[in-house]
Amino acid sequence: MTPQDLEELFAEARAAHSSAAPPDLLARVLTDAYAVQDLQDAQAGPAPVARRGFGLLRLCAGLFGGTAGIAGLATAMVAGVAIGLVQPAPVSAMTTLLWPEEAALDTIELIPNFGALLPEG
Amino acid sequence: MPLDDLAHLPEETLLALYAAGDRSAARVLTLRLTPRILGFAARLLGDRAEAEDVAQEAMLRLWRIAPDWRPGEAQVTTWLYRVVSNLVTDRQRARTRRRADSLEDAAEPVDESLGAYATLLERDRMAALDAALALLPDRQRQAVVLRHLEGLSNPDIATIMEIGVEAVESLTARGKRALAAALAGQRAELGYEDEGVSP
């Protein structure tokens with residue numbers, strides 16, 4: 001058989017092959033399709049309702065890079081408060097170095113003592 | 001959605017509609033894909049009833065995967081052909097085991113089985129082709145059917161069979177040579193005329 005004969009035979013086979021599938025097979029396939037669809041619908045349940053009341057929080061989270069950004073900011077805030085309260089020695093030393101005692105501002109009494117005003121009546 | 005509106009949509013879109021609960025999409029996909037994979041399975045198995053079981057099972061797997069289908073990753077038809085290939089391979093292995101159990105020879109080289117093939121041959125080209133295809137080794141038959149009867153490209157066949165494109169080319173070339181050899185003795189019976197060329 002020549003290659004040309006074989007190609008001709010393939011072409012005939014392709015044409016014959018496009019015949020429809022038996023109706024009972026199509027019915028079985030479609031029954032399966034509907035059954036799987038119904039099962040998946042049942043498993044999915046009702047569509048989830050969008051949650052309300054978190055619009056501002058979501059907006060802030062978006063501004064600061066999402067949840068991870070917000071978490072980083074919160075950690076930095078807590079660390080800052082803790083350092084301020086505890087005042088560890090290295091931090092105090094640095095504060096003293098930058099703002100020595102001598103550099104404290106002098107106080108000027110702009111308003112005289114209330115007692116000094118009394119004798120004048 | 002009306003069937004006419006869906007008829008021109010690609011399989012991937014139809015599958016997404018099916019996953020969203022569209023019954024019409026299920027009908028269009030069934031009518032479009034089932035005949036194709038049934039023909040493919042029948043060619044590989046040579047048994048219509050078994051091929052119908054394979055086609056139904058492959059379509060069932062398609063329905064099940066629909067909600068998890070990731071668009072753009074694979075063509076629906078390519079995926080489906082691969083499922084059919086795997087199902088057919090499972091059945092062919094089971095057949096081989098049964099043959100081994102019954103002490104029959106599992107391997108059937110083409111040249112040795114031409115006589116048996118000739119006795120089974122009907123006076124019909126399609127039957128002759130099916131019989132000749134049945135004599136090919138499974139992988140060769142699969143490659144030839146996908147390339148020359150299903151009309152798929154070599155890269156698609158490579159994806160389906162999970163081999164390289166070169167291997168596909170080699171399988172189809174060897175398969176065609178084996179088919180030509182198997183059908184050579186039947187040329188006149190199948191109605192292929194000599195074209196004035198002496199042998």
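How are α3(B) and α5(B) oriented to each other: roughly parallel or roughly perpendicular? The first legend answers this for the predicted model.

**Close-up 1. Helices α3 and α5 of chain B pack against each other.** Helix α3 spans residues 23–45 of chain B, and helix α5 spans residues 76–101. Their axes come within 10 Å and cross at roughly 30 degrees. Angles under 35 degrees count as roughly parallel, so α3(B) and α5(B) are roughly parallel to each other. The crossing of α3(B) past α5(B) is right-handed. From α3(B), the contact uses B:L33, B:I37, B:F40, B:A41, B:L44 and B:L45. From α5(B) come B:L80, B:Y81, B:V84, B:V88 and B:R91. Ten of the contact residues are nonpolar, none is polar and one is charged.

**Close-up 2. Helices α9 and α10 of chain B meet at about 100 degrees.** Helix α9 covers residues 154–161 of chain B, and helix α10 covers residues 165–184. Their axes lie 8 Å apart. The angle makes α9(B) and α10(B) roughly perpendicular to each other. B:N154, B:P155, B:I157, B:A158 and B:M161 form the α9(B) side of the contact. B:V165, B:V168 and B:E169 form the α10(B) side. Six of these residues are nonpolar, one is polar and one is charged.

**Close-up 3. Chain A touches chain B.** The contact takes 25 residues from chain A and 32 residues from chain B. On the chain A side, α1 (3–17) and α2 (23–44) each supply at least two residues. Helix α2(A) gives the most, with twelve residues. This side of chain A has 16 nonpolar, three polar and six charged residues.

Methods:
Residues numbered from 1 in each chain as written. Chains lettered and ligands numbered in written order. Predicted model: local features only at pLDDT ≥ 70, side-chain atom pairs only at ≥ 80, totals over all residues. Contact = placed C-beta atoms within 7 Å. Helix = DSSP H or I, 4+ residues; strand = E, 2+ residues; numbered from the N terminus. Nonpolar A, V, L, I, M, F, W, Y, C, P; charged D, E, K, R; others polar. Axes fitted to C-alpha atoms, helices over the stretch in contact; angles between N-to-C directions. Parallel < 35°, antiparallel > 145°, perpendicular 65-115°, else oblique. Left-handed = near helix turned anticlockwise from the far one by under 90°.
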